[in-house]
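Welcome! Please take a moment to look over the sequence and the structure below, and then we can walk through a few of the features together.

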Amino acid sequence: MRLFHRQEQPAYVLLPFDLLSRNRAKTPTGATRVVIPTDLMFASWRQVFPAERMVVFGGRHTPAGVRVTSVADVTEAKPSAVHVRADSVRMTNSLIDFERTGAHFAVWMHSHPGQGPACTHPSDIDLNQERDLRRHYSDRLVNIIVVRDGYLRVWGQAINEGTVVVRWRGTGIIQHPGEPNVFRLDLT
């Protein structure tokens, strides 16, 4: 079983995908497009409150990139209001389920206390956690931090380097002006 081995990313040619043409045009050549359904994002957001809680998303490689298909809550049994850890059994079970079904660990998401875009910045602990997850699982891991009022930040080294681009499939997620990786769930 390859449970804890880094999964290599196949080199896919990015083909047209069933998204708005404005999204297709923004994907840099050679970048992996990670498509997250907006209904899955809303359902996941509802799972991570009260803060802090953690979920992981499974994704499947397609000719167009990676399609996110599932989510699992991996929050420790007694989370703190200011810090969260993954429960080792829940995390292991999620990774095994992903592997058994042909998926892989594609997105790590957790909640922060507070509201507004400023509260979605990663902490030093988050940055260290991302570094560990990239080393053990995938250098194309996507990270998301969400807060109660619906703001979310897509972040990480792969995002910063432009090797991964996140696209939303569906409606209800709005780009925050002036910040390309900050969005807001339309909760109205």
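## How confident is the model?

This is a predicted model, and the mean pLDDT of its chain is 86. Of the residues in the chain, 85% reach a pLDDT of 70 or more. Over residues 1–25, however, the pLDDT is below 50. That stretch still has 57 contacts in the model beyond near neighbours in sequence. Where pLDDT is low, the predicted coordinates should not be read in detail.

## A serine in helix α2

Next, find S44, which lies in helix α2, a helix made of residues 38–47. Is S44 buried or exposed? S44 counts as buried because its relative accessible area is 0%, and buried means under 20%.

Which residues does S44 touch, leaving aside those up to four places away in sequence? They are V55, F57, V71 and M109.

## The second largest pocket

Now turn to the second largest pocket, which has a volume of about 340 Å³. Its lining is made up of 19 residues, and those nearest the pocket centre are M54, V84, R85, W108 and Q129. Two elements each give two or more residues to this lining: β4 (104–111) and α4 (124–136). The largest share comes from α4, with six residues.

What classes of residue line the second largest pocket? Nine of the lining residues are nonpolar, six are polar and four are charged.

Notes. Residues numbered from 1 in each chain as written. Predicted model: local features only at pLDDT ≥ 70, side-chain atom pairs only at ≥ 80, totals over all residues. Heavy atoms only, no water. pLDDT = per-residue confidence, 0-100. Contact = heavy atoms within 4.5 Å. Helix = DSSP H or I, 4+ residues; strand = E, 2+ residues; numbered from the N terminus. Buried < 20%, exposed > 50% of the residue type's maximum accessible area, 1.4 Å probe, protein only. 1 Å grid on protein atoms, 1.4 Å probe; cavity = no way out; pocket = protein on both sides within 12 Å on 5 of 7 lines; lining within 4 Å. Points joined across faces, edges and corners; volume = space filled by probe spheres on them. Nonpolar A, V, L, I, M, F, W, Y, C, P; charged D, E, K, R; others polar.
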